[in-house]
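Subject: Structure handover

Hello,

Here is the structure we talked about. Please open it next to this message and follow along.

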Amino acid sequence: MSVVVEDGAEFVRRAAAGILAARPVYAEVIGFYGELFAAQEETRPRVRIEPFRLLPEMVRVKRQGHLPLIQVEEMRFDPEAGRFLFEELCRIAVDHRTELSAPAQILRKRSAEAPALFRGFLDEDENRIQQAAADVGVETAALSFFLYHSLRPSISRCEQDLAGFVIDESSWEKGYCPVCGSQPALAQLDAEGRRFLFCSFCWHRWPAPRTACPFCGNGDPGHLAYLYSDEEQEHRLDLCDACRKYLKTIDARNLARPFYPPLEQVATLHLDLKAAESGYEPLLPGHRPA
Ligand SMILES: [Zn+2]
Ligand SMILES: [Zn+2]
């Protein structure tokens, strides 16, 4: 299911204000990411990509094999909208004086080079991105961060387009995205208590079994645990003792603010720390920045 909200930037700002009211300790993080996600939403209307035309036969074969519709490298993007956003996101990072400010200061002058790097990023051409980062003197992770976030409106448009081709999503039941094959970044329990997973790359939302680890498929209640606190009834940590991985869950039944998933993901870093302290592995070793 594609999750697109009307007037996305305004929605992001309301979601950010809601998080700040509940958890002032996140002021810096939300100040930065709130603006970053709002800028992405504002860029959405500029994005032009060639629509996907998938053959029904191919879609059916992929579905039967539980294969995602496309691979990440097949994502399409609008280089000009990406370049524009690259510069804008660098400006936001410089203004917010986060650890990304210094690389952003360098990269904002190089936005003309971004379109040539988008392809390398989607192709996971690590050598190319590493070389480009080294050439200008920034960390590879910082360059990847700005490339991914500049591409997000295009990725989102692809997801919106491809979501229409997903068939029998209710019986997909896999722990990876039916659109692009990436792993989940976050889970949600909706108002009826149904469980959904959000893709860490394209943010597609798909239904998932209520009691099974999406990473290893373990459904044995003896090896699944949950961590939550009374002060934070909208959050929960799902822990799997079979593979030692964890997933953060947002319980919409206890959420009083607008729900913008990528923002909730960054406003729950304390849960990542808690999981790490308890010996569970970071979400996705080597996964793309979200
Ligand atoms: Zn995806
Ligand atoms: Zn597991």
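Predicted model: local features only at pLDDT ≥ 70, side-chain atom pairs only at ≥ 80, totals over all residues.

Residues are numbered from 1 along each chain as its sequence is written, while chains are lettered from A and ligands numbered from 1 in the order in which they are written.

**The sheet**

Look for an open sheet of six strands. Its order is β3-β2-β1-β6-β5-β4, and the pairing is mixed. β3 (205-207) and β4 (224-229) stand at the edges with a single partner strand each, so one side of each has no neighbour in the sheet. From one strand to the next, the twist averages 30 degrees. Some terms: strands (E, at least two residues) and helices (H or I, at least four) are DSSP runs, numbered from the N terminus. Two strands pair if DSSP finds at least two bridges between them. Strands of a sheet pair through backbone hydrogen bonds, either parallel or antiparallel.

How many residues of β6 are buried? Five of the six in this strand (residues 246-251) are. Buried means 20 or more other C-beta atoms within 10 Å of the residue's own; exposed means 12 or fewer, and partly exposed lies in between, with C-beta atoms placed from the backbone.

β6 runs parallel to β1 (residues 184-189), joined by three bridges. Here Leu-189 has Asp-251 as its bridge partner. With β5 (residues 232-240), β6 runs antiparallel, over five bridges. Leu-239 is partnered by Tyr-246 there. Five residues lie between the strands of this hairpin, and Arg-244 takes a positive phi near 60 degrees.

**Strand β4 and a helix**

β4 and β5 are antiparallel, with five bridges. Ser-229 stands opposite Glu-232 in β5. Helix α10 (residues 269-277) packs on the sheet and touches β4, β5 and β6. Its direction makes about 35 degrees with that of β5. Axes are lines fitted to C-alpha atoms, for helices over the stretch in contact, and angles run from 0 to 180 degrees between N-to-C directions.

**Pro-68**

Where is Pro-68? It sits in the loop between α3 (56-64) and α4 (79-96). Why does Pro-68 count as buried? Because it has 23 C-beta neighbours inside 10 Å. Leaving out residues up to four places away in sequence, Pro-68 touches Tyr-176, Cys-177, Pro-178, Val-179, Cys-180 and Gly-181. Contact means C-beta atoms, placed from the backbone, within 7 Å.

Best wishes

Methods: Contact = placed C-beta atoms within 7 Å.
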